[in-house]
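Biologist: I'm new to reading strands and metal sites. Could you walk me through them?

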Amino acid sequence: MIIECSYCESKVDGVLKGEHESYDPNEDPFPFKAVLLQCPVCNNSLLGGAELIQISSDKHEWSDAFRLWPKQDSHIDWSIPDIARNSLTEARLCYKARAYSASVVMSGRTLEAVCKHHNTSSRTLAKGLEELKSKGVIDERLYQWSDELRKHRNIGAHASDEKISKEDAKDLLDFAEAICEYVFVLSEKFNQFMARKPAKI
Ligand SMILES: [Zn+2]
């Protein structure tokens with residue numbers, strides 16, 4: 001059964017060790033299957049869930065297992081442009097590899113990508129963020145998060161005695177993700193929502 005192994009970080013054909021099907025007709029008419037799988041590559045234990053999906057008028061099939069444990073990373077929305085997605089993905093990878101300074105540097109690069117995407121004219125990130133705020137791309141709170149991220153990125157990027165802690169790296173990564181979510185995903189959603197809205201409301 002295909003599942004993504006948290007250790008190998010790739011899709012593997014998990015060896016089925018146990019499964020259980022259940023369903024609640026009041027909640028959801030389709031059964032759910034919990035599976036315990038073993039990664040054939042690294043021997044990791046993986047707990048997954050699968051749903052029965054309809055593939056034709058009279059045929060059903062189990063979906064690939066989505067991982068329930070170890071918890072799967074939430075995916076990075078596809079509407080975030082590549083320039084920012086790539087840095088965010090690397091920031092996550094560095095964090096997982098416990099390279100906290102590198103993670104913060106990549107989170108900071110995500111902000112540079114937001115500036116680039118919005119064609120800010122300033123050469124420095126500090127000024128670029130101010131420009132994003134004055135253009136209304138980010139509000140005061142997101143500006144504060146971004147500015148903290150920028151300062152920590154500078155600590156991460158230059159050789160010094162100051163160390164970035166795990167907690168700080170995680171918070172700064174969360175800020176970078178939230179900023180992208182706001183700037184690229186929610187703003188676009190809101191624009192589309194407003195465009196659909198009848199004029200009289
Ligand atoms: Zn594995």
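Modeller: Strands here are DSSP runs of E, at least two residues, numbered from the N terminus. This is a predicted model, where local features need pLDDT of at least 70 and side-chain atom pairs 80 or more, while totals for chains, interfaces and linings use all residues. Residues are numbered from 1 along each chain as its sequence is written, and side-chain values use heavy atoms, with hydrogens and water left out.

Biologist: How many bridges join strand 4 to strand 5?

Modeller: Two strands pair if DSSP finds at least two bridges between them. Here strand 4 (residues 32-38) and strand 5 (residues 45-56) run antiparallel, joined by 7 bridges. They form a hairpin with 6 residues between them, and Asn-43 in the turn has a positive phi of about 75°.

Biologist: Which residues are the protein donors of the zinc ion?

Modeller: Donors are N, O and S atoms within 2.8 Å of the metal (3.2 Å for Na, K and Ca). The zinc ion has the SG atoms of Cys-5, Cys-8, Cys-39 and Cys-42, lying 2.3 Å from it. Cys-5 in strand 1 (residues 2-5) and Cys-39, in the loop between strand 4 and strand 5, link distant parts of the chain, 34 residues apart.

Biologist: Why is the arrangement around the zinc ion tetrahedral?

Modeller: Four donors count as tetrahedral if all angles lie between 85 and 135 degrees. The 4 donor atoms around the zinc ion subtend angles of 105 to 113°, so the arrangement is tetrahedral.

Key. Helices (H or I, at least four residues) and strands (E, at least two) are DSSP runs, numbered from the N terminus. Four donors count as tetrahedral if all angles lie between 85 and 135 degrees; four count as square planar and six as octahedral if opposite donors are over 155 degrees apart and all others between 65 and 115; anything else is irregular.
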